[in-house]
Amino acid sequence: VNVIPNGINVSKWQLVEKSDMELQGKPSLTTVGRVSLRKGQLNVIKQLPELIKTFPELHYHCIGIPTEANAFKLQAQRLKVEDYITFHGSIDEQLLKQMLSKTDVFVMLSCEDEIGDVEGFGIAILEANVLGVPAIGSKGCGIEDAILSNISGELVRFDNSEELIIALENILSNKQKFSSEARDWAKEHDWSNIIKQYISLIE
């Protein structure tokens, strides 16, 4: 079986202008996507009480249509971590690029939702990779195909705080390597390269 991954337009996601923007958090973690159970923002929120023991200045940024944001905010309040999260809602592409470029790690801990839907191939992960942002994603869904483990990022179980902390520590202590490898990994998924795979398969 030949599996050809989705492609991205690398040139579209390269940041043209340098930004003086500062993104809250040391480290800053970001998820881009509709705020929903499937996208996994809640899985990150549930692990924040453990994460901030190791990373007390951490901040989590959620960018995307706030479908279930109110419910997730309530959960954050129950866990007393609401001050460590910002829901930005939908933003324009230029601001998105600027925020991603200032992000330390892109996080997508997707899981199966109530009706059995799971996350497919993680295009948003590769778009962050273009900007040199490594990613942490969950095992057991399409995200596994979008992250080259220990190269462009790390794969963890979506509900395992210990694995997430270890992954974050590994990436942050080797940030330059992961950033460079993430860019290279994204380039492999540029449509110009993906099309070659289709042509090769057809021929």
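Residues are numbered from 1 along each chain as its sequence is written, and side-chain values use heavy atoms, with hydrogens and water left out. Because the model is predicted, local features need pLDDT of at least 70 and side-chain atom pairs count only at pLDDT 80 or more, whereas totals for chains, interfaces and linings use all residues.

Six strands form an open sheet in the order E3-E2-E1-E4-E5-E6, with parallel pairing. Helices (H or I, at least four residues) and strands (E, at least two) are DSSP runs, numbered from the N terminus, and two strands pair if DSSP finds at least two bridges between them. The edges are formed by strand E3 (85-89) and strand E6 (153-156), each of which pairs on one side only. From one strand to the next, the twist averages 25 degrees. Strand E1 (residues 28-32) is joined to strand E2 (residues 59-63) by five bridges, and the bridge partner of Ser28 in E2 is His59. Three bridges join E4 to E5, and four join E5 to E6. Gly137 in E5 stands opposite Met108 and also opposite Leu155 in E6.

Both faces of E5 are covered, with Ala135 and Gly137 buried on one side and Ile136 and Ser138 buried on the other. Here, buried means under 20% relative accessible area, exposed over 50%, and partly exposed in between (1.4 Å probe, protein chains only).

A nonpolar core is a set of buried Ala, Val, Leu, Ile, Met, Phe, Trp, Tyr and Cys residues joined through side-chain atoms within 4.5 Å. The largest such core has 30 residues, of which Ile45, Ile85, Phe87 and Ile136 touch the most other members. Helix H2 (41-54) is one of the elements that supply at least two residues of this core, and H2 gives the most, with six residues. Apart from this core lies another of 26 residues, among them Phe106, Ile125, Val130 and Ala146.

Helix H5 (residues 123-130) and helix H7 (residues 175-188) pack at an angle of about 125 degrees, with their axes 7 Å apart. Axes are lines fitted to C-alpha atoms, for helices over the stretch in contact, and angles run from 0 to 180 degrees between N-to-C directions. H5 and H7 are therefore oblique to each other, since angles under 35 degrees count as roughly parallel, over 145 as roughly antiparallel, 65 to 115 as roughly perpendicular and the rest as oblique. In contact (heavy atoms within 4.5 Å), Leu126, Asn129 and Val130 of H5 meet Ala182, Arg183, Trp185 and Ala186 of H7.
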